[in-house]
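Student: I am new to this structure. Please take a close look at one part of it for me, and walk me through how that part is laid out.

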Amino acid sequence: MYEFLKNLDRRWVFLMMLLAVAVPILFRAQFPERPTGLARAVFDEIEKLPAGSRVLLAFDFDPASEGELGPMATMVVRHCCEKKLKMYFIALWPVGPQMIDDVIHKVILSDFPELVYGEDYVNLGFKPGNEGVIKVIVTDWKQLYTTDDRGTNIDQIPMCRGIENIQSMDLVINVSAGYPGTKEWVQYAATPYPDKIRIVAGCTGVQAPLLYPYIPQQLPGLLGAIKGAAEYEELVVQKYDRKKGRQPAAKYQEAKRRMGPQLVAHLLMIGLIVLGNVVFFMERSRRP
Amino acid sequence: MKRTVPLLITAIVGFIFVVSFFTPAAEFLGELAAVWFDILAGIAFILGGGNLLKVHLKKISDRQAGWGYSGVTILAFVATLVVGLGKFGSPPAPKQEFYGETFATLPLEALPESLVARVPGQIPEKENGEPLPPSVRRQIVQRDGQIEFRGWMLSNQKHDLEEYKDRRAWRKTVEALYEAAQPPEPLRGKVAYYTDHRALSFKGAMTDSDRQALLALSDEPVWRQAVEQLYEQSRKVTRVRVSWLPESFAVPESLRDRLRYDAQTKELVLQGPLSADQRDALKKQFPDAEPLSAKQRTTFRKKLESLGRPLNDEQAKILDRLLSQPLPESVGERNKLLGLALLEHGGLTKEQCDSLFAPYRQEVAWRAKVLELFHAAHQVKYPWSGEYRAQGSPFWWLYEYAFKPLTATMFAMLAFYVASAAFRAFRAKNVEAILLLGTAFIILLGRTFAGVLLTDWLPDSLAGLKIDNLTVYIMQVFNTAGNRAIMIGIALGIASTSLKVLLGVDRSYLGSGGE
């Protein structure tokens, strides 16, 4: 046994990981979620906005991290729709517009068809320049955004009239997978204008520890990875589905569904680390 | 010089940012510098593409190890670039297109003299020196006490002119000019001239009398050629194969002379283009859903149940509610809604589903055919106006079926490698490693329901020891403290390094090349 474990072919580990992820997906294993303070803070920040408030949704991620961030982006947009907020979508990542399109199709066009493009939501698309874009639009929006993603002049879009800069937004929601992302939004938007720009964010698991130093002054709420998304999902579903006696649609339970494979995969990781250490100590005890 | 210019740019821009951050009056300078930075960032994409080509072409040329992968990279890059920039297969933007119209190119200068309208009057001058609106500027002139307008005036041009000066006399002059600058009566509403597009346009299919009326306006060869071209194009015949027609099919009134169904070839035959309104009228070939009486609802339910299983109470209620209320949709749409609602609250047999969804399938198939005819008959004005990532375009295919799954797979594979690495390398070799291991276990468990499950039994007095609470504590106290210390250190380092860069002491970012 010792010899087998010592020389364990890594393909066995791969196989175990495959099963750990596949089995809960196939058996649709789901576990309850208990929202933590940070998820509740994100929920409250959106919840307290009156109908018609302006929300900037910056989707700075790509298909690589869609698995982790897609469900929270979906839920954030749904929450904004339920609250009847004005949504302004932008992206600092080149494939961000595709992520925005996905969410618009999944949530707005299918469940909130009464919302009108240009009056209730607008997609302003991608702009190159990373934090340079943030730095400009915090003081002068039209320096960079003269048209929307479809090429329509911004002055012809009703909901864009009267907006001078990001300070006109009531909340900025950033869903980010790295650079540029939440850190840049905090440094270049929230920090120089603490009384005017409020930001909440959702990010990948590896980013979350790096963003904790900004909580709560510069970043009142943070959804960390799929766990944060599942907690936030629970809060939104509780308020807008269960309290109204409705069963939430599967697309609004996506984060919770993805927590099943995460649980088993984490347990496997712990098991593998323990096993690796057993081998390590056995090896050390056998050493002359 | 090669190094001095970048050094100067860096120093000047750097100091501008510093000054503008601390001096509100100089904020605009920082903004200006940032806009330039964003423009350069856009150009950097081109440089990036060039660099990618250079690196990989060199690898292929040198036959270095893995040169085949470089070939694939270049192929993928070029394919994406070509289909993206060329917008191949992307439909034109609907708002940019003139559906229902055909065009012939004709410069403004080539418009015949008979198309110049004149009214007595004076173009007013604005106090602020503002020129005439751009939409009319090229067509309107002041000559011998008269205002001349070349071409036919569009309603938006009239509006722009009226807005130019808010005076009753001016509005009256504009009104008179608008009336004078209209096509002759038989052509009104059919023909137009778009100055910005340098094009003569015709709505629908041009008849022989329309053609004669247009030709009568001038004998100029350019004009005649444009009219003949328009005549040919507007009468183009489009055929779309349709194997069946809706039961209540009727040609809409506006298309009576131009659309017919050829029963022999089973084709819809259309002469000329379709406007959006005509398209919508043609689509609407199915009866609206009227609310059913109680008796009709019972019959409907019995018929549905006769095809399979009986409905449960919940389903019966839904059926009753949906069929009794007035719905703005067609029968197919209503039955589809009903079918989906019934499926949500219980089962249906295949036969029951088919019976409910069949009318909707027919409607969708018909709409698709109408759209096919609409696009086939349309003369595209701006083939590049569409979105490069429009659904169904080659770029969309590349993104959806290559880029998206490949990047997602790359990221997902991390789980496998991390698991293997954790098994082999995560060893409790010393105290620091043991601390790290312990923290990792708590966080791994705390980020799932397992953490709650394992320690939920702990009493409230020991709630702090619950794994989920421990996770939050570790993240908010130890992690935050450690990260803040690192960040403050980095910030100080950045400040000193930036100062060295701005003052030209540190020039390493310029590379190692000589002067």
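Tutor: Chain B of this predicted model is assigned five stretches: domain 1 (4–86), domain 2 (95–234), domain 3 (237–283), domain 4 (294–377) and domain 5 (426–515). Take domain 1 and domain 3 of chain B. Their centres, taken over C-alpha atoms, are separated by 53 Å.

Now the chain as a whole. Chain B contains 16 helices and 9 strands. Its C-alpha atoms fill a box of roughly 100 × 85 × 60 Å along the principal axes. How does the radius of gyration of chain B stand against a compact globule of 515 residues? The globule would come out near 24 Å, but chain B has 36 Å.

Next, burial and contacts. In chain B, 38% of the 515 residues count as buried. Look at contacts between residues at least 6 apart in the sequence of chain B. Of these, 67% join residues at least 24 apart. Charges come next. Chain B carries 62 positive and 55 negative charges, and their mean positions are 6 Å apart.

Now zoom in on some loops of chain B. Start with B:Ser135. This residue is in the loop between strand S2 (116–120) and S3 of chain B. Is B:Ser135 buried or exposed? Its relative accessible area is 19%, and buried means under 20%, so B:Ser135 counts as buried. Leave out residues up to four places away in sequence, and B:Ser135 touches B:Gln157 and B:Asp160.

You will find B:Lys266 in the loop between strand S8 (259–262) and strand S9 (267–271) of chain B. Here phi is near 55°, again a positive value in a residue other than glycine. How accessible is B:Lys266? The relative accessible area is 36%, which makes B:Lys266 partly exposed.

Chain A is divided into domain 1 (2–27 + 262–286) and domain 2 (37–248). Note that domain 1 of chain A is written as two stretches, 2–27 and 262–286. The C-alpha centres of domain 1 and domain 2 of chain A lie 39 Å apart. There are 10 helices and 6 strands in chain A. The box filled by the C-alpha atoms of chain A is roughly 80 × 45 × 35 Å, along the principal axes.

Burial in chain A reads as follows. Of its 288 residues, 59% are buried. Chain A exposes about 11,800 Å², with 56% of that supplied by carbon and sulfur atoms. Among contacts in chain A between residues at least 6 apart in sequence, 76% join residues at least 24 apart. Chain A has 34 positive and 32 negative side chains; the centres of the two sets lie 6 Å apart.

Finish with some loops of chain A. Which bond is cis at A:Pro180? The peptide bond from A:Tyr179 to A:Pro180 is, with omega near -10°. A:Pro180 lies in the loop between strand S4 (171–176) and helix H7 (182–190) of chain A. A cis peptide bond also joins A:Ile215 and A:Pro216, where omega is about 0°. A:Pro216 belongs to the loop between helix H8 (208–211) and strand S6 (221–224) of chain A.

A:Val206 and A:Lys86 are 120 residues apart in sequence. In space, 31 Å lies between them, C-alpha to C-alpha.

Key:
Residues numbered from 1 in each chain as written. Chains lettered and ligands numbered in written order. Predicted model: local features only at pLDDT ≥ 70, side-chain atom pairs only at ≥ 80, totals over all residues. Heavy atoms only, no water. Domains from an automatic or database assignment. Helix = DSSP H or I, 4+ residues; strand = E, 2+ residues; numbered from the N terminus. Rg over C-alpha atoms; globule rule 2.2 N^0.38 Å. Buried < 20%, exposed > 50% of the residue type's maximum accessible area, 1.4 Å probe, protein only. Contact = heavy atoms within 4.5 Å. Lys, Arg positive; Asp, Glu negative; His and termini not counted. Charge placed at Lys NZ, Arg CZ, Asp CG, Glu CD. Areas by Shrake-Rupley, 256 points an atom, 1.4 Å probe, with all protein chains shown as cover.
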